[in-house]
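Let's walk through this structure together, one step at a time. Have a look at the chains first, and then read on.

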2 protein chains.
Amino acid sequence: MHVRKQRLLTPGPTPLYPRSLQAMMASDIHHRTEDFRTVYRAALKDLKEVLGTSNDVLVFCSSGTGAMEAAVSNLFSRGDKVIVCSAGKFGERWVEIASAFGLDAVVLKAEYGDVVSPERVEQALAANPGARGVFVQASETSTGAAHDVRAMAQIIGKTEAIFVIDAITGIGTMPLDIDGWGLDVVIGGSQKAFMIPPGLAFMSISPKAWRFAETANLPHYYFNLKKEKKSADAGESSWTPSTSLILALGAALQYIKQFGMDKLVENAQLLARATREAALALGLELFAPNSPGSSVTAIKAPEGMDSGVIVKEFRTRFGSIIANGQGTMKGKIFRIAHLGYFDFADLFAVIAELELILAANGRPVTFGTGVAAVQKVYAEAALPKATVVS
Amino acid sequence: MHVRKQRLLTPGPTPLYPRSLQAMMASDIHHRTEDFRTVYRAALKDLKEVLGTSNDVLVFCSSGTGAMEAAVSNLFSRGDKVIVCSAGKFGERWVEIASAFGLDAVVLKAEYGDVVSPERVEQALAANPGARGVFVQASETSTGAAHDVRAMAQIIGKTEAIFVIDAITGIGTMPLDIDGWGLDVVIGGSQKAFMIPPGLAFMSISPKAWRFAETANLPHYYFNLKKEKKSADAGESSWTPSTSLILALGAALQYIKQFGMDKLVENAQLLARATREAALALGLELFAPNSPGSSVTAIKAPEGMDSGVIVKEFRTRFGSIIANGQGTMKGKIFRIAHLGYFDFADLFAVIAELELILAANGRPVTFGTGVAAVQKVYAEAALPKATVVS
């Protein structure tokens, strides 16, 4: 009856930057040529600039999980004691990787939707003086909650441990002063705020973390930080790089540099705030009300309604692809993303669609209520002098 | 401060169908090969199917104006008397082409926003018994008004004249039963409901119109209907075709066939109706309230406000490219399009943006009012059982 354009609105893969897709058309390039080295060097340089760090930044042809493994397998030794903050599916992934490589993990668990406080990290470090590292998610994508990375860094910086941060959905959605706060290892992924398809992972490594690489003894081959650093210095990657994605990354970094990383963070924060206001205006409950991040907002399905129905109707009624909950949260929450190439037009549509989906499923909805909440956030930010009725 | 994705929302070029863009990547094809003939034949066949006619359908490498000229230069002779309905910028184009080729045009003029009634056409034909043709716009893109093509066809069919219809924005936005109603020449363009970039024009030609080609004596070379028909029968175009656009067209026609041309028309009609409801809910005036078409809705800028400001703020605040008025209507109206690959998500965003732009310019606006009007139209069409409050 009506056109439904498919729109990718998940917290990864995120909406694609069109010029990055166009750039991928130039993939008829050999990776061991000066032509490609020029592209690769520029991408590494721009990535460092966008991340705002003087630390080394490496690129891997892998998903973010590959870089998470790389941090463990390159910087630690069998039996090392580490503190792992686990507040969702991705915290659990740190636990699984630590276990797979034989680390001795002290797990600080938080309920889904909640976070691990800096105080708990401080206590755990005090209780485990030999701890070699602390692992955390800057933004826990499965719940939408965000950790206080800055406060944690202040605590960890006083110890011998290194701070290893899965910032895969944290980059571009929260301030992350890598050098100023002392964030030793920061991991990112291409299909998040970098607005390109999946397939690349990024890692920044502090001098303190590099010293760990000197004594670490865990087995690794594909993910070899020292080798990769040497290759990067020569304008190359150790193994065959994902040339199309490096071209896409180059274009996206041009956009992010021009737009400003701080502005991209502001954009995500503004959209996240507007989404929370819209959810509350529609009488819905937030899943992570106390520590909401800005990468994604998890909203509880109304009592008696499976969130899968909401996710499905977004797709079938409107072509909008949004995320269900993961693991035990599946069916209970749905997630609206904000990281990267999202704008107000996306959100106006998503909230108008949500209102219709609620109405279609027997919830009393006053049309326009959620959208008006989003508009108010826009108006407060951008129209200080506007005439706003109601 | 916030991301603005550029969105093309004009009544041509219209939003592009993504798979058509992808198909253009296969343009490394020579147009005088069996590979390309296969593509071209399929496009011509699908175009006929989508237009729902057994008349010949030709494709030109030109804009729609080229096909308008082709109709004049191939089917008429110097001094031929013709009736031209002129209700806007595109009606004026028929007058200009007729004049350029020395036709004797009787112009039936309507005020911008209004249309020429079938009765006036009937009277003009009676007053000019030797008239050889009647020219009209199915949908007058400059004002958003639509002519009653069906009623006109019934009148013209009883005379010796042929009915020549610029349906460039009519196709896909209104029912057009070419064979059933007796529409002799129907002209379309690629960048409209066909959802691909500009560069192709289409024309269907009835047996009655072909007979006119036998005696017509106006000069033409590039636009040669008889030659083009012969080429088309051989699976080719007379001159070098726009291969990339033919590939794009093929993909778009697959979509339109699968979706259904009748459904595409319904979609435009639904979005147009929702847009009119939203405008009225926001206290705005429609420019063509009596004969609104569904290709585009022209809305008057509020008293004392230049519509150029609205168009500009759509772009600068939100990245949305919408259309200003043309000619003397510039500054007075703005136009929201519905033809082709438009959906409710587009409209939810456009109306929410319009509300904010009005508020930003001192108009009192209750946020969500216009969006709610769109939601109501959706709900009436798609959610008969929904609980709608207010």
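Two residues count as being in contact if their C-beta atoms, placed from the backbone, lie within 7 Å. This is a predicted model, in which local features need pLDDT of at least 70, side-chain atom pairs count only at pLDDT 80 or more, and totals for chains, interfaces and linings use all residues. Residues are numbered from 1 along each chain as its sequence is written, while chains are lettered from A and ligands numbered from 1 in the order in which they are written.

Now to the meeting of the chains: chain B gives 49 residues to the contact, and chain A gives 49 residues. On the side of chain B that touches chain A, H13(B) supplies the largest share, ten residues. Helices (H or I, at least four residues) and strands (E, at least two) are DSSP runs, numbered from the N terminus. By class, this side of chain B has 28 nonpolar, eleven polar and ten charged residues; Ala, Val, Leu, Ile, Met, Phe, Trp, Tyr, Cys and Pro count as nonpolar, Asp, Glu, Lys and Arg as charged, and the others, Gly among them, as polar. Of the interface residues of chain B, 100% are also interface residues in chain A, so the copies meet through the same surface.

How are the copies arranged?
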